[in-house]
Amino acid sequence: MDDRIVKIEKVSSKENLYKIVPLASERDISLVPALLSEFRQTIKNGGKNFIFDLSRFDDLPPSFIVLLFEMTATARRQGGSVVLKNISNGALEAFESFHPFSYLSYDESTASDHGPAEISKISESTTKRSAVFEKQIDIPSKISALYLACDFVTDLAQEYGFEKNQISKLKIAVYEACLNVIEHAYHSDPANKVYVNVMADSEKFVIEIIDHGEGFLFYDNYKYDISAAAETRKKGGMGLHIIRHAVDELNYDQDPVEGNKLQMIKYRKY
């Protein structure tokens with residue numbers, strides 16, 4: 001077991017009780033498989049009851065919630081249990097907003113009048129009416145960490161109720177925005193942080209990319225000439241061009257204290 005990812009320790013031999021403490025971030029792609037592997041091995045070795053400490057988590061992505069369901073079902077089949085401890089408000093909100101068809105796939109062509117497609121529409125509609133949140137994440141200034149920012153935003157965009165093509169556009173916008181910060185504002189110095197804020201209400205989904213590095217000149221009505229850029233082998237500006245076509249509104253502000261903020265807004269289309 002990699003103690004940097006998860007720790008499972010016995011707290012009571014009489015009750016076969018174990019405590020599970022995840023050490024990695026909930027956004028670490030290695031955490032879910034590591035947890036599942038160690039949990040199954042502990043069950044195999046006689047583990048029955050578990051306390052799952054969630055104190056390190058401010059949020060829970062859908063894949064992690066499904067993991068908790070799977071672990072609980074497995075323990076119960078063995079006559080045991082999984083008890084969640086130290087749940088943050090953010091994690092509770094993630095549980096409350098989770099619905100099965102944010103994770104499951106189904107064949108719409110075989111759905112009855114009251115089948116999965118209809119249930120999904122009802123669930124999505126409920127999510128759209130109640131999706132009001134503000135969440136943040138920060139990543140190191142490394143290209144290898146870009147997926148953390150992208151997954152963070154796409155999970156929230158899915159929760160908000162955007163369709164797949166809109167979520168894909170937002171993922172591209174976040175990737176390009178964070179990549180620009182890493183390469184141009186921080187010059188790939190991993191000691192720096194890129195901050196990603198997401199705020200949503202009933203009308204709009206707002207993403208803010210914040211850094212404390214070098215800023216850039218921003219023009220509201222700037223038009224990127226792809227042909228001219230290709231002829232002169234100009235590299236700068238392509239990222240912003242991609243972002244402009246992925247979102248509905250784009251703003252940029254430089255502040256020596258608060259940092260440079262690129263704000264991307266996607267409006268809900270009813």
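**Reading a predicted model by its definitions**

Modeller: His-187 lies in the loop between α6 and β6. Keep in mind that this is a predicted model.

Biologist: What makes the phi of His-187 worth a remark?

Modeller: Most residues other than glycine have a negative phi. His-187 is not a glycine, yet its phi is positive, about 50°. Ser-188 lies in the loop between α6 and β6, and its phi is also positive, near 60°, in a residue other than glycine.

Biologist: Why is Ser-188 called partly exposed?

Modeller: Buried means under 20% relative accessible area and exposed means over 50%, with partly exposed in between. Ser-188 has 41% relative accessibility, so it counts as partly exposed.

Biologist: How do you know that α5 is mostly covered?

Modeller: By counting its residues under the 20% cut-off. In α5, 11 of 15 residues are buried. Among them are Leu-146, Phe-152, Val-153, Leu-156 and Tyr-160, and also Thr-154 and Glu-159. For the protein chain, 43% of the 270 residues count as buried.

Biologist: What span is expected for α5, and what does the model give?

Modeller: The expected span is 1.5 Å times one less than the number of residues. For the 15 residues of α5 that comes to 21 Å, and the helix reaches 21 Å from its first C-alpha to its last, close to the expected value. After α5 comes Gly-161, with a positive phi near 110°.

Biologist: What makes a group of residues a nonpolar core, and which members touch the most others in the largest one?

Modeller: The largest core has 40 residues; Val-196, Phe-205, Ile-207, Ile-209, Ile-243 and Met-264 touch the most other members. Elements that each supply at least two residues include β5, α5, β6 and β7. Helix α6 gives the most, with 10 residues. A second, separate core has 28 residues, including Ile-5, Leu-54, Leu-67 and Met-71. In soluble globular proteins, nonpolar side chains tend to be buried together.

Biologist: What makes β5 and β6 a pair, and in which sense do they run, parallel or antiparallel?

Modeller: Two strands pair if at least two bridges are found between them. β5 and β6 are joined by 8 bridges and run antiparallel. Gln-136 stands opposite Asn-197 in β6.

Biologist: Why are β1 and β4 called edge strands?

Modeller: These strands belong to an open sheet of 4 strands, in the order β1-β2-β3-β4, with mixed pairing. Strands β1 and β4 each pair on one side only, and are the edge strands. The twist averages 25° from one strand to the next. β3 and β4 pair in the parallel sense over 5 bridges, and Ile-51 stands opposite Val-83 in β4.

Biologist: How do you know that helices pack on this sheet, and which strands do they touch?

Modeller: Contact means heavy atoms within 4.5 Å. Helix α1 touches β1, β2, β3 and β4, and its direction makes about 30° with that of β1. Helix α2 touches β2, β3 and β4, and its direction makes about 140° with that of β4.

Terms used: Residues are numbered from 1 along each chain as its sequence is written. This is a predicted model: local features need pLDDT of at least 70, side-chain atom pairs count only at pLDDT 80 or more; totals for chains, interfaces and linings use all residues. Side-chain values use heavy atoms; hydrogens and water are left out. A nonpolar core is a set of buried Ala, Val, Leu, Ile, Met, Phe, Trp, Tyr and Cys residues joined through side-chain atoms within 4.5 Å. Buried means under 20% relative accessible area, exposed over 50%, partly exposed in between (1.4 Å probe, protein chains only). Axes are lines fitted to C-alpha atoms, for helices over the stretch in contact, and angles run from 0 to 180 degrees between N-to-C directions.
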